Amino acid sequence: MRIATWNVNSIRQRQGHVERWLARVQPDVLMLQELKCEAVQYPGAAFEALGYRSLVVGQKAYNGVACLSRLPVQDVHTALPGLVGPDVPQARYVEVIADGVTLIGIYLPNGNSGGDAGYQAKLDWMQALRARAEALLEADADFVILGDFNVAPTDEDYAKGALSPADALARPATRAQYQALINLGLTDAIRALHPTGRVYTFWDYQAAAFQRNQGLRIDHALMSPRMAERLVAAVPDRAERGEEQPSDHVPVVFELA
DNA sequence: ATGTCGGCCTTTGGCCGA
């Protein structure tokens, strides 16, 4: 099974990139983030022509996630169970079962806007995600949570100067929540196969960040124990950042035996 | 050196979010 995640920073701007990438890489399932449009504006027919059905959770201007699959999917959720409060309508979560595996695509709140309340909403979201993971573990489900976590888990996960230590992507409370997810028994797929070193998935558009490799590792896959045993590859597709008019994130591909 | 994008409205430029 080949699964992938990609924050495309507007699907309308990146439709051609996604079409070319699907044809080349042919994942079974691709989770997209930051569609930045409502479902009615989503170019689903173009992806269907390539063999991919889309499950779209859209929102005007902001957020928006989709699950593209060439496998049949069932038991769909389009919101994070258990989340309450003003952010519930935000389009940040899609969950399906494909080939017996629960696949969860997320666009976790950035947390740098909206002041203290905005940051707290990020932590609350992470808490609700952990509760969902606990419920799936309790049910002995096989699952993978993948997407744009907006978390740089350690100091090795961003280039010097690419983030302020006070940034919501790297604050101690953010990292503690991420570690609490790991501590449930989940495996950070990239670090399982690449335990040290610079493995980035995002480079800012500003200040020639890609050319200087001033990147971040913020797009992740967390795998339940049996899925982690099947893991054979976890690779950010850096070449995509060098394309014309790229997203600021690259696709990340995970291979399961 | 607050330097780039994308989307939206306040709409041909400014604002927010990232």
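**Reading strands, sheets and burial**

Modeller: Let us begin with a pair of strands: β7 (residues 101-107) and β8 run parallel and are joined by six bridges. Strands and helices here are DSSP runs, numbered from the N terminus, with at least two residues (E) for a strand and at least four (H or I) for a helix, and two strands pair if DSSP finds at least two bridges between them. As one example, Leu-103 has Val-144 in β8 as its bridge partner. Between β7 and β8 the chain passes through helix α3 (residues 115-138), in a β-α-β crossover that is right-handed; that is, with the strands pointing away from the viewer, the path from the first strand over the helix to the second runs clockwise.

Colleague: Before we go on, what kind of model is this, and how are its parts labelled?

Modeller: This is a predicted model, in which local features need pLDDT of at least 70 and side-chain atom pairs count only at pLDDT 80 or more, while totals for chains, interfaces and linings use all residues. Residues are numbered from 1 along each chain as its sequence is written, chains are lettered from A and ligands numbered from 1 in the order in which they are written, and side-chain values use heavy atoms, with hydrogens and water left out.

Colleague: What is the mean pLDDT of chain A?

Modeller: pLDDT is the predictor's confidence in each residue, from 0 to 100. Where pLDDT is low, the predicted coordinates should not be read in detail. For chain A the mean is 97, and 99% of its residues reach 70 or more. Confidence is lowest in strand β5 (residues 73-77), with a mean of 95, and highest in β12, at 99.

Colleague: Which strand does β8 run antiparallel to?

Modeller: Strand β12 (residues 219-223) runs antiparallel to β8, with five bridges joining them; the bridge partner of Val-144 in β12 is Met-223.

Colleague: Why is β8 described as largely enclosed by the rest of the structure?

Modeller: Buried means under 20% relative accessible area, exposed over 50%, and partly exposed in between, using a 1.4 Å probe and protein chains only. In β8 (residues 143-148), six of the six residues are buried, so the strand is largely enclosed by the rest of the structure.

Colleague: Is Asn-150 buried or exposed?

Modeller: Asn-150, in the loop between β8 and α4 (172-183), counts as buried because its relative accessibility is 4%. Taking contact as heavy atoms within 4.5 Å, and not counting residues up to four places away in sequence, Asn-150 touches several residues, including Tyr-107, Lys-122 and Ile-218.
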